[in-house]
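Subject: Structure for you to look at

Dear colleague,

I am handing over the structure below, together with some notes on what was found in it. Please read the notes with the model open beside you.

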Amino acid sequence: DNTYYQELLKGEKGAGDPELLKLATDTALLTDPAFRVYTEKFANSQEDFFQQYAVSHKKLSELGARFDPHTGFSIESLVERTVRMSIGARE
């Protein structure tokens, strides 16, 4: 849900969880004007967040993104995918 974005904005006002770890990428969502627009949009509208999440998730899936809890996220390269598909086609 959009709680992440709401918490970022609360933290900026001093009302957030003081123990919440903020990485440089989290801070960039508040300080970079290009990202700030989306931070505010998603904090204020869970519907907008879910709509964009669905589009992004679909795009990553189509690009071959995989999630393995032990290794994390990965996106197969075009070369890797071509090799895998050609091997699979022979089996």
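In what follows, an axis is a line fitted to C-alpha atoms, for helices over the stretch in contact, and angles run from 0 to 180 degrees between N-to-C directions. Helices (H or I, at least four residues) and strands (E, at least two) are DSSP runs, numbered from the N terminus. Please keep in mind that this is a predicted model, in which local features need pLDDT of at least 70 and side-chain atom pairs count only at pLDDT 80 or more, while totals for chains, interfaces and linings use all residues. Residues are numbered from 1 along each chain as its sequence is written, and side-chain values use heavy atoms, with hydrogens and water left out.

To begin with the overall layout, the protein chain contains five helices and two strands, which follow one another along the sequence in the pattern α-α-α-α-β-β-α. Of its 91 residues, 19% count as buried (under 20% relative accessible area, with exposed meaning over 50% and partly exposed in between, for a 1.4 Å probe and protein chains only). With contact meaning heavy atoms within 4.5 Å, residues 24 or more positions apart account for 35% of the contacts that have a separation of 6 or more.

The helix packing starts with α1 (residues 3–12) and α3 (residues 33–44), whose axes come within 8 Å and cross at roughly 110°. That angle makes α1 roughly perpendicular to α3, a class that covers 65 to 115 degrees, whereas angles under 35 count as roughly parallel, over 145 as roughly antiparallel and the rest as oblique. On the α1 side the contact is formed by Y5, Q6, L8, L9 and E12, which meet R36, T39, E40, F42 and A43 in α3. These residues divide into five nonpolar, two polar and three charged, where Ala, Val, Leu, Ile, Met, Phe, Trp, Tyr, Cys and Pro count as nonpolar, Asp, Glu, Lys and Arg as charged, and the others, Gly among them, as polar.

T3, which is found in helix α1, is partly exposed, with a relative accessible area of 32%. T3 and F42 are 39 residues apart in sequence, yet their C-alpha atoms are 8.9 Å apart in space.

Helix α1 also packs against α2 (24–31), at an angle of about 75° and with the axes 10 Å apart, and the two helices are therefore roughly perpendicular to each other. This contact is made by Y4, Y5, L8, L9 and E12 of α1 together with D26, L29 and L30 of α2, and by class it has six nonpolar, no polar and two charged residues. In the loop between α1 and α2 lies L20, which counts as partly exposed at 46% relative accessibility. L20 and E7 are 13 residues apart in sequence and 9.1 Å apart in space, C-alpha to C-alpha.

Turning to α3 and α4, their axes come within 5 Å and cross at roughly 115°. Here K41, F42 and N44 of α3 make the contact with Q46, D48, F49 and Q52 of α4, a set of two nonpolar, three polar and two charged residues.

Helix α4 itself (residues 46–62) has 17 residues and reaches 24 Å from its first C-alpha to its last, close to the 24 Å expected at 1.5 Å a residue, the expected span being 1.5 Å times one less than the number of residues. Just after α4, G64 takes a positive phi of about 95°. I75, which is found in strand β2 (residues 72–75), is eleven residues from G64 in sequence and 5.4 Å from G64 in space, C-alpha to C-alpha. Leaving aside residues up to four places away in sequence, I75 touches L60, L63, G64, A65 and E80.
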